[in-house]
Amino acid sequence: MKINKIGIIGLGYVGLPLAVEFGRKYKTLGYDINSERVKSLKKGHDSTLEVEDNDLKSTLINNFESSLLGFKPTSNLSELKNCDIYIITVPTPVDKNNKPDFQPLRSASKMVGKILSKNNIVVYESTVYPGATEEICIPILEDNSHLEFNKDFYVGYSPERINPGDKTRTLTKILKITSGSNKYSALIIDKLYSSIIDAGTYLAPSIKIAEAAKVIENSQRDINIAFVNELAKIFNLLNIDTNEVLKAAGTKWNFLNFKPGLVGGHCIGVDPFYLADIAINKGYEPEIILSGRYLNDSMSQYVAEQIDSLIKKSDTNVNNLDILVLGVTFKENCPDFRNTKVINMVNYLIKLRYNVDVYDPWVDSEKFKSIYNFEVFNSMPSKKYKLVVHAVSHKIFEQINYKKIKNQGTLIYDVKGKINDFSDQSL
């Protein structure tokens, strides 16, 4: 199969790096429903900071039709007609009850179905439970295209492994799992990804196996983090420094190096619910997966309560005390605040009648406020604080002059275990 044009649906953290890399070797159209996002990309800037402006600009093309390769972002779906390959990279979140929300995936499948042609291949990268691609997405493609699956068109699954903010393990340097709905499509999809992935590909035997491999990657991490979070709670009761315990245990060659903390984001804090949901639907109640998820979700309140306890030990009048929280993204050195658990901790502190400021230079403060109704400072506030919470390990925080924000007796609660000599009292 000759690939003349590729269409990518969704230009976020996953879709944009993919579109840029494919644009180096193929004519690639990237579609996103957010017209402002598309305008920004056309000007050569990625607000997620996953793609460097120079890299983005080097692949953008003005005259798409006459070009042999290059990338063009668009919010006009009709431009994606006559692509050979469609790759869907939309979010797969959970709803307020932690049930899988397939609406973005359904909508994207419907859009692609309406422009699907014979012999096209549709590849899904969004994280789902095993079986979702065949049970949910393919029927939508058939209904909207009036084409027959595995006769007129084919489907594949190649799970994303993007690590936001990581400038070392970028798209081309991470081994890629591929799969297809039959041998023909599987080989084409594997060859397609092999053309841009320097680290190589792994062709899974089936779509379901590729889906399962992806969803357990983050479920495994979630469970391991839940274990050390539980250890932190236990060791706190025993007046033992958890980080020192983990450092000592880490001297054994096969000890797994996980750290306690607030587990948010679009993957680890979400994917286990997808696996749990299909297990429950099949009649099995997953104990470890859900226990780990609920324990990690409890950490925001636990940290807030520990902060409250620390302050009360040092000051009898705790009402309206000022607290500064450093960082509100879900991980360090990136602007991604999707499903951040830091804001949950902040809201608990506010309920306990503390005044809370948040400083995070990485965050788009207007966008954050529109979602969470909370204002984040992009520059350091110029006042003194009773307590500082080190919530996210942005490298820029290493340059903070703490003398400007601390008083005599200022406390620190170090969620990340990164600050050693800030004040007389720390956790």
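**Rings first, then charges**

Analyst: F102 is buried, and Y129 is buried too. Buried means under 20% relative accessible area, exposed means over 50%, and partly exposed lies in between, with a 1.4 Å probe and protein chains only. This is a predicted model, in which local features need pLDDT of at least 70 and side-chain atom pairs count only at pLDDT 80 or more, while totals for chains, interfaces and linings use all residues. Residues are numbered from 1 along each chain as its sequence is written, and side-chain values use heavy atoms, with hydrogens and water left out.

Now the rings. The whole structure holds 11 aromatic pairs. Rings of Phe, Tyr and Trp (its six-membered ring) pair if their centres lie within 6.5 Å; planes under 30 degrees apart are stacked, over 60 edge-to-face, and the rest tilted. F102 and Y129 make one of these pairs: the ring centres are 5.5 Å apart and the planes stand at 85°, so the pair is edge-to-face. F102 sits in the loop between β4 (85–88) and α4 (103–115), and Y129 in the loop between β5 (121–124) and α5 (132–145), so the pair ties together parts that are 27 residues apart in sequence. The helices (H or I, at least four residues) and strands (E, at least two) are DSSP runs, numbered from the N terminus.

Take another pair. The ring centres of F337 and Y372 are 6.1 Å apart and their planes are at 65°, so this pair is edge-to-face. It links distant parts of the chain, 35 residues apart: F337 is in the loop between β9 (322–326) and α12 (342–351), and Y372 is in helix α13 (residues 365–372). F337 counts as buried because its relative accessibility is 8%. Y372 counts as partly exposed because its value is 27%.

Rings can also group. F22, Y26 and Y193 are linked into a cluster by ring pairs.

Rings meet charges as well. A charge sits over a ring if NZ of Lys or CZ of Arg is within 6 Å of the ring centre and within 35 degrees of the ring normal. The charged end of K27 sits over the ring of F64, 4.9 Å from the centre of that ring.

A salt bridge is a side-chain nitrogen of Lys or Arg within 4 Å of a carboxyl oxygen of Asp or Glu. The structure holds 17 of them. K99 bridges to D277, with the closest N and O atoms 2.6 Å apart. That pair links distant parts of the chain, 178 residues apart: K99 is in the loop between β4 and α4, while D277 is in helix α9 (residues 271–281). K99 is partly exposed at 39% relative accessible area, but D277 is buried at 11%.

R37 and D46 meet in a salt bridge at 2.8 Å, N to O. R37 counts as buried at 11% relative accessibility. D46 counts as buried at 0%. R24 and E21 form a salt bridge at 3.4 Å, N to O, and R24 is partly exposed at 35%. Salt bridges can also join up: D222, R293, D297 and K341 are linked in a network.

Polar contacts come next. A polar contact is a pair of N or O atoms within 3.5 Å; within protein, one must be able to donate a hydrogen and the other to accept it, and residues adjacent in sequence count only if both atoms are side-chain atoms. K176 belongs to strand β7 (residues 176–178). At 2% relative accessibility, K176 is buried. Its side chain makes a polar contact of 3.1 Å with the side chain of E125. A polar atom of the K176 side chain also lies 3.2 Å from the backbone oxygen of P159.

T410 is in strand β12 (residues 406–414). T410 is buried, at 3% relative accessible area. Its side chain reaches the backbone oxygen of Y385 at 2.9 Å.
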